[in-house]
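I opened this notebook to keep track of what I looked up, entry by entry.

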Amino acid sequence: MATLLNVVTSPAEVYPFGIRHSSDMIADLSSRAYEYRAQVLSMVYGRQSGHIGGAFSIAEILTCLYFHHLRLDPVNPEWPDRDRLVFSKGHACAMLYTVLAHRGYFPVSELPTFRALNTRLQGHPEPRRTPGVEVAAGPLGHGVAIGAGMALAARMDKSRRRIYAILGDGELNSGVIWEGLLVGAKFGLDNLTAIVDYNGVQQTGTTSHVMPTEPIADKWASFNWHVIEIHGHNVAEILNALDEADEVHGRPVVIIARTTKGKGVSFMENQPAWHGGVPNKTQFEAALAELEEGARQWQA
Amino acid sequence: MASMTLNPLGESTLMRKAYGEALVELGRNRDDLVVLSADVQSSDFSSMFETAFPDRFINVGIAEPALVDVAVGLANAGKIPIANTFAFLFATRALEMVRTHLCYAGANVKLAGAYAGLSDSFDGPTHQTVADLAIFRSLPNITIVVPADASAVKKLLPQIAAWKGPVYFRICRNEVPAVFGEDYQPEIGKGITLIEGSDVTIVACGIMVARAVQAAWQLRENNIRARVVEMHTIKPIDTDLVTRCARETGVLVSAEEHSIVGGLGGAIAECLSESCPVPLERVGVNDAFAECGPYLELLEKYGLGVDAIVAAAERALARKAQESSKLICVAG
């Protein structure tokens, strides 16, 4: 077993909300995103089932949210004023489970039970089974409308808690996404931030081939959302975008994160086959070596 | 028992207006109640809640999937959301949302399905709903409640709000006669015997309860003593009561403003086949789409009249006579 999977970091260090984004913090979060990719790789390899590509593309985004930006209490997962994260692209949940475990919601040692019989870590997320999971996901398209409901509730409660919805780009094909955009804009839900993992690839091909959605920023803007576009693997840009979103008033925010499906493993990057593909032993070892190299570049 | 069922039946009133009034009353008693609509609040009278509590009313537009999903988000924060649209839209267009978040993940959302059965009569089969009970009944973890008159709406709605878990509440668009007297105290999950009888049991829900009562009176004139049970909770069905009626009266009739496939009659058939297999005659829409027209005439044409229940009871009794001879053969 390679060293990346032997690193014990449970629960991992949290950089408190509001802290300055130091270069050490950025390097650490960037490095950890590779560590979590290796964990996901191991889970999917171990079960010979799961979705690697879309999990790898959100590694930095989820790391920034769970280890810095979200106000949460893993000891008290039901804390009413916690920030909410709606994980809409449910198939990528191996990364969500990995981040939740390292954040302290459940033991890291439970991660290898992913998709096994009797596990709490179901093939797609289910909130009553898994601490830290807010809503069920898997059927795509729910995130914006559910997030809007959460944002309306926060407003009724006069709470400052914020709502984040992680969306895939493929799921923007779904009509209910756009219903949710209308609702968010109608009520001016500035406590709601959608984050689109725009990796450009869905199950059977590129998004531009399967169902073109560009110009995506213009579409969200025309629905009266505040649009922020970033490079979705750049931790500094992610952290800044999350801060900027907090300051927008009167409109919901979308962060369109340009990412790479399968990020970090050369032979998986931008390949539709790695949406739901599972590695054999040779591929597993080659991928792990690349992810180690990815982590190392941030550890110098 | 006399004041449980009115004899004669009382004045007809709009069930949906009673629903609007019940929502307002509930809103006064519960700060956590939030009412949502897919832009039909003027149809189902949830506009009464909008007027009384504008800060707790959300119109998502003509977007039923978003209607349910927004309610799911509200429930996540501990609100009690009651989502409102036409019954068929919950059961068809928004079904995936209901299945995934309410039934599978347990989101504590209440659905009020308006214009159920054939009650949106002039709008025709596109708006009528005769499969919702079958559709929702096939899903785990959802409770299904069908009120029979205006007073039942007012007595059941607070229980639905307090119920832990998702509920589907099915409401008629039109005027329905008052069936229940002051002693009527429904409890979710428990059927109620309205009229005692030993020859046949008629189990009814919704607007068919009044008709079942009238059918029992008519049967009495022919010296047939029909028991009438109101089954306002379709899921979970009161299996103990159904089984007891089967044992005590030997034959049953179901009556519902729904397809004979998979609704109240289906639930009773499943129950009987496991606990006490006696004959059952199902009164309902005979696996068909109806058409447009005046409500009461439509109910007659599609087999939901009082006479249809009487005829079903007589068929059931004839089968009981045959079955008893067969049973003797088997036993011998």
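Entry 1, two helices of chain A. I looked up how H1(A) passes H3(A), and the crossing is right-handed. The model is a predicted one, and in it H1(A) and H3(A) pack at an angle of about 115 degrees, their axes being 9 Å apart. On the side of H1(A) I listed Leu29(A), Ser30(A), Arg32(A), Ala33(A), Tyr36(A) and Arg37(A), which meet Ala59(A), Glu60(A), Thr63(A), Cys64(A) and Phe67(A) of H3(A). Sorted by class, the residues of this contact come to six nonpolar, two polar and three charged.

Entry 2, a covered helix. I then turned to helix H4 of chain A, residues 93-103, and found that it is mostly covered, with 11 of its 11 residues buried. The buried residues include Cys93(A), Met95(A), Tyr97(A) and Leu100(A), and also His102(A) and Arg103(A). What lies over these residues? I noted that the cover of the buried residues of H4(A) includes helix H1 (23-47), helix H2 (53-56), helix H3 (59-69) and strand E1 (84-87) of chain A.

I looked for Trp220(A) and placed it in helix H8 of chain A, residues 216-222. Is Trp220(A) buried or exposed? I count Trp220(A) as buried because 26 other C-beta atoms lie within 10 Å, where the cut-off for a buried residue is 20 or more. With neighbours within four places in sequence left aside, the contacts of Trp220(A) are Trp225(A), Val227(A) and Val254(A). I also checked Trp220(A) against Phe114(A), which is 106 residues away along the chain, and their C-alpha atoms are separated by 35 Å.

I looked up how many residues of each chain take part, and found 25 residues of chain A in contact with 22 residues of chain B. On the side of chain A that touches chain B, helix H5 (143-156) and helix H6 (175-186) each supply at least two residues, and H5(A) gives the most, with nine residues. By class, I noted 15 nonpolar, four polar and six charged residues on this side of chain A.

The domain assignment of chain B gives domain 1 as 12-177 and domain 2 as 192-331, and I found their C-alpha centres to lie 27 Å apart. Between these domains, 28 residues of domain 1 of chain B are in contact with 30 residues of domain 2 of chain B. On the domain 1 side, helix H7 (132-137), strand E6 (143-145), helix H8 (150-162) and strand E8 (175-177) of chain B each supply at least two residues, and the residues of that side divide into 18 nonpolar, seven polar and three charged.

I noted the crossing of H4(B) and H6(B) as left-handed. Pro65(B), Val68(B), Asp69(B) and Val72(B) make the contact from H4(B), and Met97(B), Val98(B) and His101(B) make it from H6(B). By class, the residues of this contact are five nonpolar, one polar and one charged.

Note on methods. Residues are numbered from 1 along each chain as its sequence is written. Chains are lettered from A and ligands numbered from 1 in the order in which they are written. This is a predicted model: local features need pLDDT of at least 70, side-chain atom pairs count only at pLDDT 80 or more; totals for chains, interfaces and linings use all residues. Two residues are in contact if their C-beta atoms, placed from the backbone, lie within 7 Å. Helices (H or I, at least four residues) and strands (E, at least two) are DSSP runs, numbered from the N terminus. Ala, Val, Leu, Ile, Met, Phe, Trp, Tyr, Cys and Pro count as nonpolar, Asp, Glu, Lys and Arg as charged, and the others, Gly among them, as polar. Domain bounds come from an automatic or database domain assignment. A crossing is left-handed if the near helix is turned anticlockwise from the far one by less than a right angle, and right-handed if clockwise. A residue is buried if 20 or more other C-beta atoms lie within 10 Å of its own, exposed if 12 or fewer, and partly exposed in between; C-beta atoms are placed from the backbone. Axes are lines fitted to C-alpha atoms, for helices over the stretch in contact, and angles run from 0 to 180 degrees between N-to-C directions.
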